[in-house]
Amino acid sequence: MTFPIDRPRRLRRTESLRRMVRETVLTADDLIYPMFVVPGQNFKREISAMPGQYQLSADTFVRELDHISTLGIRAVILFGIPENKDPHGLASCHPEGIVQQAVRAAKKEFPGLVVITDVCLCEYTSHGHCGVIRDGEVQNDETLDILARQALSHVEAGADMVAPSDMMDGRVAAIRRILDENGFGGTPVMSYAAKYASGFYGPFREAAESAPQFGDRRGYQMDPSNVREAMHETALDDREGADILMVKPALSYLDVIAKVRARFDRPVAAYNVSGEYSMVKAAARNGWIEEQRVALEILTSIKRAGADLILTYWAPDAARWIKEGI
Ligand code: PBG
């Protein structure tokens, strides 16, 4: 059957018809909001490269959660920026560390909120790399032990889920093991399974104060050219027991999201990263594009590609836009 019998425009004629046949519908349940916590009190500073996003002290962060939960956001992921950095990033494992304090404060006030923590060393190391350095190289196996201890201390503070973003080999198994040995067998791991060495992380490095002091992350994060390798990386994390598999960044990797969705039967997350957010903000400020329309189009495309969950700086705005029925 073809034209003139078949006319796809028939189902596009009214908003009600379009809604009836809509295949992908974004909801607040799909969204995870990344937030940045810093030491201090009553502190809130906008990240200049990420308009509308802030570094927050634990008390200000908890106040912000109030607003976020009324919008229907169910989950946040926390990044901590410590007072002091050292070569091994040991502040990341401290029970009174910034993330641990923020988690405790958040769970006290909002027990129903899903508090996820990013597990990595780059915000905590003086050199800004995601692992321990020896002979000019990030040491994989030595780093695993610190990552596992960091994950455990987050969970001991009350984190509902941990999300390792370091890209060391074997870290999901190391984290699963330490959690299980310490009675946290019920705490899920969301792994950054296919994480690429991406220029789109630029603005985040200001937010997390985590730019590498020398070299770059290509020795551990993935080459943007590779997709078979992404399947291999994801399969490893799947076998090591990751409960949710993440692809990062999202927008330039929609093909990777679709392939992970097709091949694995676990929930798939995608990280709509800082550069993807800031580009739209900058263009919108210049009046070149409409932020709301473009943001919702981006988030819908990430879901359409196969993501069940989307980590995005637009989470509160998107939840509000959805609520207002736009
Ligand atoms: C590493 C980490 C990074 C991001 C999340 N976790 C930066 C990096 O790998 O260089 C980037 C997130 C973003 O750009 O929004 N701990």
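Close-up 1. What you're looking at is a predicted model, where local features need pLDDT of at least 70, side-chain atom pairs count only at pLDDT 80 or more, and totals for chains, interfaces and linings use all residues. Residues are numbered from 1 along each chain as its sequence is written, and side-chain values use heavy atoms, with hydrogens and water left out. In total, 18 residues surround the ligand (a heavy atom within 4 Å). The closest are Lys195, Arg205, Lys248, Ser274 and Tyr313.

**Close-up 2. Side chains reach oxygen atoms of the ligand through polar contacts (pairs of N or O atoms within 3.5 Å).** Lysine 195 puts a side-chain N or O atom 2.7 Å from a ligand oxygen. The protein covers 100% of the 400 Å² of accessible area that the ligand has on its own (Shrake-Rupley method, 1.4 Å probe).

**Close-up 3. The ligand sits in the largest cavity.** A cavity is a set of points, on a 1 Å grid over the protein atoms alone, where a 1.4 Å probe fits but cannot get out. "Sits in" means that more than half of the molecule's atoms lie within 2 Å of the cavity's grid points.

**Close-up 4. Arginine 45 and glutamate 209 form a salt bridge (a side-chain nitrogen of Lys or Arg within 4 Å of a carboxyl oxygen of Asp or Glu).** Their closest N and O atoms are 3.9 Å apart. The pair ties together distant parts of the chain, 164 residues apart: arginine 45 is in strand 2 (residues 44-46), while glutamate 209 is in the loop between helix 6 (202-208) and helix 7 (228-240). Helices (H or I, at least four residues) and strands (E, at least two) are DSSP runs, numbered from the N terminus. The structure holds 19 salt bridges.

Close-up 5. Most residues other than glycine have a negative phi, and most peptide bonds are trans. Phenylalanine 3 and proline 4 are joined by a cis peptide bond with omega about 10°, and proline 4 falls in the segment before helix 1 (15-20). The bond from lysine 248 to proline 249 is cis too, with omega near -10°; proline 249 lies in the loop between strand 10 (244-248) and helix 8 (254-263). Asparagine 42, not a glycine, has a positive phi of about 50°.

Note on methods
Polar contact = N/O pair within 3.5 Å; in protein donor to acceptor, adjacent residues only side chain to side chain. 1 Å grid on protein atoms, 1.4 Å probe; cavity = no way out; pocket = protein on both sides within 12 Å on 5 of 7 lines; lining within 4 Å.
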